[in-house]
Amino acid sequence: MPSTGAYSIMKKAPVNKIIQFSNVDGPGNRTAIFFQGCPFNCMFCHNPETIHMCSSCGLCVSKCPAGALAFDEGGKVVWDSGKCVQCDTCIKLCPHDASPRVTWMSVEEVLQQIRRCAPYIDGITCSGGECTLRSEFMTELFREVVRLGKTCLIDSNGSYDFEKDPALLEFSQGVMLDVKAAERSWSEKLISDPGDMVLKNLDYLKNIGKLYEVRTVILPGRDTENENTVRYVAEHIGDACFYKIIRYRPFGVRERFLKILGEEETDEAYAGRYASLARELGASKAYVV
Amino acid sequence: MSDALNIIQDPTLTYKQELLALARLGESTDDSLRYSDEYYEAKRKGALCDLNEGVMPYRPRYICPDYELLFKKGCEFLQLDPPKDLLEAVNVLEIFYCHVPSITSFPVYLGDLDKLLEPFVIKEDRAYAKKVLGLFLRNIDRVQTDSFVHADIGPEDSVTGRILLELTEEMQLAVPNLTLRYDPERTSDDFALACVKCMLKTAKPSFANHRMFVSEWGEKYAIASCYNGLSIGGGGFTLPRLRLYECALDAKSPDDFIERELPRHIDLQLEYMDKRVKFIVEQSSFFKTNFLVTEGFVKQENFTGMFGVVGLAECCNYLLGIEDKKKGFGMNREATELGIRIMKEIDRRVSEHEAPYCDAYGHRYRLHAQVGIDSDGMDDSPGTRIPIGVEPTMLEQLEVNEKFHPFFPTGTGDIFKFEETYIKTPEAILPIIKGSLANGLRYFSGYLENNDVVRVTGYLVKKSEIEKLRAKKQSLNNVTVFGMGAQDGGHALDRRVQHHEESSGK
């Protein structure tokens, strides 16, 4: 289709990073593409620098010890990946939960990297941030990746109305969906969103057979919230897909949220109780990670 | 203090290790095998290395007996009849192994154990077969106390192969080294995955590119010692090595190196090999009287010489004036291209050389990317490997390897260290192995970061055994001391870890 071809040349998406070989972003060995930008703001986010787009405030520029950041002629902050030593000074400093280390890439540029990895991988996973903010870009990318004989997975927070985008799902093997909170009030606190769309997607994706796995983070000491979420998910997915019970880990969590969620990680036995509960409720493929 | 006294007073040597050290000392008292002055000069400079093979070879370096023949007709000299059941089969092998010489005096090739033993194993109850094979592996580990002792399995799945993997994982032994001969059409994913799981737990088996080896050696090839490809019923006469970094030190430019210094050193190494091969065949008694030869378990025409190289990375970096290894060979296209040019020249010159004997290979020697020895330190990386500590991403490392592995029929390989999460996701490793072998990788080894049994450069050691030596205690395995040296001098256990980056938990 000529129009999509033109799209792939013109349109670019902000890519935070591409991991060539990942063993934790879906089954087998996968190339994982992390897009910048997320509509949610989750308290336990481990990589908050992927939430917002850089506003070019420039606070990080003079602090970069490697001289990898500068202003361009238009006053925008630009990043030199060749000079960068990945010390993370910029993202630690950023008051906006953003990162200057983002590359705007075309579908073809991302594809070039995937083609290199293709002999060694099972497929790709788009993640973020929230990758569905780049749904058109992803659809285009997936179309090409499927032609390489590789599978495409979407790692999503569920904010996107998947029902309205059959083209995206056509080329995707499925969605790995985060369900962080089942109750509206708790969801608003935890992820800054009532979460209605997430729960809608849970049912929709399950019904059309595109739910690859669901993940819930178990927080220490939040018995009621944990149970409500796990119960909701388990009753809705049954044995349709994997259910990953993730232990809360304070690593990378922002200071202000550490005060609320605590600095202790969820212990394995505690998380295990919720995996057992999920299995009792019919989610036979529930397990702790 | 005399060298002999040093040996017999060394508290870290076992009795057998003392005996072997004294034998080497004794051998060094003869100098009837002489080389040119230029050869000795290059050796003194460290540009050539004979791997301490000893000055008076009394056996080929590596011997790969035809164990199928042993099982078919028995062995007259050892008074062994063909085995009729599993117990007899392992007993025959255990006895025979003790009479297979090598440079280390231990057998470097134990046979294709699954193929050899499968007919006997399937006649037995599985639990009984496992018990017998467990004792067999224990015998090998305690009697053949050297990590260059190597057994092969595959390409097909088998009951014996599965039991050997289970035992390997359960017993956590450094000996024997183990290789799966991997063929995408003959090796099932399920069996390959079982091998990956075992590799993560015990650093073995490694994966050999079966099709590549078959195209060079035919179906009857062995993976012996570290990762040496050789003929079954034959072996390798000798393995000296060019230390390419030192070879380059007098070169004025890359062109000068390729036109002048490299050919000069190649020819000196060929001189060494020719003389040594002739001596082994014509002077020593091995090919005249050893029962392995007289009863046909090996044939002299199936032996070849292994032309070794090390330090290609450092050689290229030196010639291009690259001081920061992070920007050198493996990460730098110009340096890697120079490496290919150098390897092509070595390949061309060695293949033009008419070697004595080596009849089965058109009187030619075959190239080998030697894994390094403890005394190499950081000057010469193993074979054509990217130096430890500056490895790029795993993908980039594989791509570089794939360019060089086809040069080395007598063996090369690289080692990848995986982070702990991979123990739960072995299926994430198999596509990497399959993809790289399909793209020209010859030999893939891996191990998990925190294991006790680890792969040093090509051989396996137990970290706990290295600690014994550090405490001035004895280690049964002859090779532990090399592991300690490689760890100290070459940082051989500090290779890049393939890890999962923090990517979930949004």
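Residues are numbered from 1 along each chain as its sequence is written, while chains are lettered from A and ligands numbered from 1 in the order in which they are written. Because the model is predicted, local features need pLDDT of at least 70 and side-chain atom pairs count only at pLDDT 80 or more, whereas totals for chains, interfaces and linings use all residues; side-chain values use heavy atoms, with hydrogens and water left out.

The domain bounds come from an automatic or database domain assignment. Chain A is divided into domain 1, made of residues 2-50 and 102-288, and domain 2, made of residues 61-93, and the C-alpha centres of these two domains of chain A lie 29 Å apart. For chain B the assignment gives domain 1 (1-30), domain 2 (36-60 + 229-392) and domain 3 (63-227 + 413-506), with the C-alpha centres of domain 1 and domain 2 of chain B lying 28 Å apart.

Helices (H or I, at least four residues) and strands (E, at least two) are taken as DSSP runs numbered from the N terminus, and two strands are said to pair if DSSP finds at least two bridges between them. In chain B, six strands form an open sheet with mixed pairing, in the order β3-β4-β5-β14-β13-β17. Strands β3 (150-153) and β17 (497-498) of chain B stand at the edges of this sheet, and each has a single partner strand, so one side of each is left without a neighbour in the sheet. Within the sheet, strand β4 (residues 177-182) of chain B runs parallel to strand β5 (residues 206-209) of chain B, the two being joined by four bridges, and T179(B) stands opposite S206(B) in β5(B).

One joins G154(B) and P155(B), with omega about 0°, and P155(B) has its place in the loop between β3 and α8 (159-171) of chain B. Another joins V175(B) and P176(B), again with omega about 0°, where P176(B) is found in the loop between α8 and β4 of chain B. A further backbone feature concerns Q79(B), which has a positive phi of about 55° although it is not a glycine; Q79(B) lies in the loop between α4 (67-73) and α5 (86-97) of chain B.

An open sheet of four strands, also with mixed pairing, is formed in chain B in the order β1-β9-β11-β12. Its edges are taken by β1 (48-49) and β12 (366-369) of chain B, each with a single partner strand, so that one side of each is left without a neighbour in the sheet. Strand β1(B) runs antiparallel to strand β9 (residues 241-243) of chain B, to which two bridges join it, and C49(B) stands opposite R241(B) in β9(B).

Side chains of opposite charge can pair when their charged atoms come close. Counting as a salt bridge a side-chain nitrogen of Lys or Arg within 4 Å of a carboxyl oxygen of Asp or Glu, the structure holds 60 salt bridges over all chains. One of them links R44(B) with E41(B), whose closest N and O atoms are 2.8 Å apart; these two residues are separated by about one helical turn because they are three residues apart in helix α3 (residues 37-44) of chain B.

Where the chains meet, the contact (heavy atoms within 4.5 Å) takes 25 residues from chain B and 30 residues from chain A. The buried area, that is, the accessible area (1.4 Å probe) that two parts lose on being put together, summed over both, is about 2300 Å² between chain B and chain A, and carbon and sulfur atoms give 51% of this area. Two salt bridges are counted between chain B and chain A, and R116(A) forms a salt bridge with E396(B), the closest N and O atoms being 4.0 Å apart. On the side of chain B that touches chain A, α17 (394-404) and α18 (430-438) of chain B each supply at least two residues, and α17(B) gives the most, with six residues.
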